[in-house]
Amino acid sequence: MSGTGLYVDGVTVTFDGFRALNALSLVVEPGELRAVIGPNGAGKTTMMDVITGKTRPDTGIVRFAGRDLTKLDEAAIATLGIGRKFQKPTVFDALTVFENLELALKAPRGPIACLRWVLAGAARARIEAIMEQIGLAARREDLAGLLSHGQRQWLEIGMLLMQEPDLLLVDEPVAGMTDHETEQTAALLRGIAGTRSVVVVEHDLEFVRALDCRVTVLHEGSVLSEGSITHVQADPRVIEVYLGR
Amino acid sequence: MNRRLALLLCVLALAALPAFNALPAEHPLHVPDFLVSVVGKWICYAILALAIDLAWGYAGILSLGHGAFFALGGYAIGMHLMRLIGPRGVYGHPVLPDFMVFLGYTELPWYWLGFDWFAFAFLMALFVPGLLALVVGWLAFRSRITGVYLSIITQAMTYALMLAFFRNDMGFGGNNGFTDFKELLGMPLNTGATRAVLFYASLATLVLVFWGSAHLTQTKLGRVLTAIRDAESRTRFLGYNVTQHKLFVFVLSAMIAGLAGALYVPQVGIINPSEFSPGNSIEAVVWVAFGGRGTLVGAVLGAFSVNALKTWLTSVAPDLWLIVLGLLFVIVTLLLPKGLVGLLRRRGS
């Protein structure tokens, strides 16, 4: 599975006359890792909202897996294979790491199905693999409430991965993390990309550098610059609106 | 395992009560009749507490109306007991119960049909509470009514039912309810042997409900319910139909409460609309809170300990009971959020 690409084309969103997105166009290749940066109010979160169906654009289309996402609701978009990690980690504190991942596993979701659910070997192996990937295998039996902030973020990423998304949207994953955790998160996201597309919205430039990927700089709702981190940091327009301040 | 052994010993100790009751009165180990009937009642309360704990402790649905499901179960079996009186009533009417003769009924209302059969009445004791929970729950959960708003709705439900059952023209005996029962399944109700049979039936039900609930909470459904309790919208976001899951546990819980009521009424020999009073439902929630919600042992422990306290206190200082009950709730909420079980566990570790 190499994922499917994301095409954002000419998307404009206005809130009470304020243009949050202004003819935004963006292409994310299948399996690509992409960082999106920009000053506050540049439209990063609105872009995520449009892709996940939380906000409907005034004009423009968002194409993914052959469908126009602007015509679908949140649940349909999630089923189509787009997972979103919000800034604040929300894992189930009273359940263990393993149980959290088990709940996120693709499986029949009705009450009776859950009552009769037996964890089969393949599903168990999948949970094991994800625990390994997010670096929490040693803490499988620990309650999620006992994890550190960074570990909770990883658990949440793991829960998203359990749903086997083709595109992962990650909103400010390293806010509040220690330097060590930040490094590990960058490695985790680099590892996830390749099999799936990953879009990371982030403020922390050190982290973006560690991601070692293509960077898109947003400003006033459209793309200001795009390229490697070295390229955008050298771009005079970027320096003027964002980095120079 | 130690815990299992402790539970088994508790069940055996309870099971010994009617046996010691059967000893001659002058025997030093003789257990008085009243103790058997009072503990039999507590067992029914413990079943009700388990029902509340499943909904509240595990799924976060704080129902303040479970007394209504309990009472409906009691009324269903009470109707059967009334039918069994037959022509032995005070008025000696061949078909109608006393209260209907008194109120000038000429024939049996249609909704009394079928209650001549125990099996039908027993099924109704489960079905009617379950149906009510399904309707109320569906309306509430579908509109995403949670927390204190849901609690208020369930209080209103039990209050409305109390007012309805007070009415003579409902055909359920008005404020006198049903009493003067004679027999059940061919056994006269006022004998020690029947008391023992009802006691054992209740105890067996408690064990069965406990075992079933323990199993349910260990399944993935139990974990989904915990997830709903702690972060409902997050669970919905994971793709779970939260309404369905909450309805499932709410209906199941109401049916267990109905079962408890059905076991209770033959033992106390009376059912009337005061069983619907909002205070009863709140008291039952206090048992669970006191014992420790979210643990099945806690619910049972709470039902037994609070009711033991009530039985003792209402005999020595009846006026103090409500004050003590209120204090108990405040103390538990402030100092023992995990109840008695939490306290015991803290001691243990």
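This is a predicted model: local features need pLDDT of at least 70, side-chain atom pairs count only at pLDDT 80 or more; totals for chains, interfaces and linings use all residues.
Strand β3 of chain A, residues 33-37, is largely enclosed by the rest of the structure, because five of its five residues are buried. In a regular strand the side chains alternate between the two faces of the sheet. In β3(A), both faces are covered. A:Leu33, A:Ala35 and A:Ile37 are buried on one side, and A:Arg34 and A:Val36 are buried on the other.

The strand is paired with two others of chain A. Strand β8, residues 197-201, runs parallel to β3(A) and is joined to it by four bridges; within this pairing, A:Val36 stands opposite A:Val201. Strand β9, residues 214-219, also runs parallel to β3(A), again with four bridges between the two strands. Here A:Ala35 has A:Val215 as its bridge partner.

Charged side chains form a further group of contacts, with 22 salt bridges in the structure over all chains. One of these joins A:Arg84 to A:Asp49, with an N to O distance of 2.8 Å. A:Arg84 belongs to strand β6 (residues 82-85) and A:Asp49 to helix α1 (residues 44-52) of chain A, so the contact ties together parts that are 35 residues apart in sequence. Both partners are buried: the relative accessible area is 5% for A:Arg84 and 11% for A:Asp49.

A second salt bridge in chain A connects the side chains of A:Arg126 and A:Glu164 at 3.3 Å, N to O. A:Arg126 is located in helix α5 (residues 121-133), whereas A:Glu164 is in the loop between α6 (149-162) and β7 (167-171), so this pair ties together parts that are 38 residues apart in sequence. A:Arg126 counts as partly exposed, at 23% relative accessibility, and A:Glu164 is likewise partly exposed, at 31%.

In chain B, the side chains of B:Glu283 and B:Lys310 meet in a salt bridge of 3.0 Å, N to O. This pair links distant parts of the chain, 27 residues apart, with B:Glu283 in helix α11 (residues 278-291) and B:Lys310 in helix α12 (residues 296-316). B:Glu283 counts as buried at 10% relative accessibility, while B:Lys310, at 26%, counts as partly exposed.

Salt bridges also link A:Glu32, A:Arg34, A:Arg214 and A:Glu226 in a network.

Terms used:
Residues are numbered from 1 along each chain as its sequence is written. Chains are lettered from A and ligands numbered from 1 in the order in which they are written. Side-chain values use heavy atoms; hydrogens and water are left out. Buried means under 20% relative accessible area, exposed over 50%, partly exposed in between (1.4 Å probe, protein chains only). Two strands pair if DSSP finds at least two bridges between them. A salt bridge is a side-chain nitrogen of Lys or Arg within 4 Å of a carboxyl oxygen of Asp or Glu.
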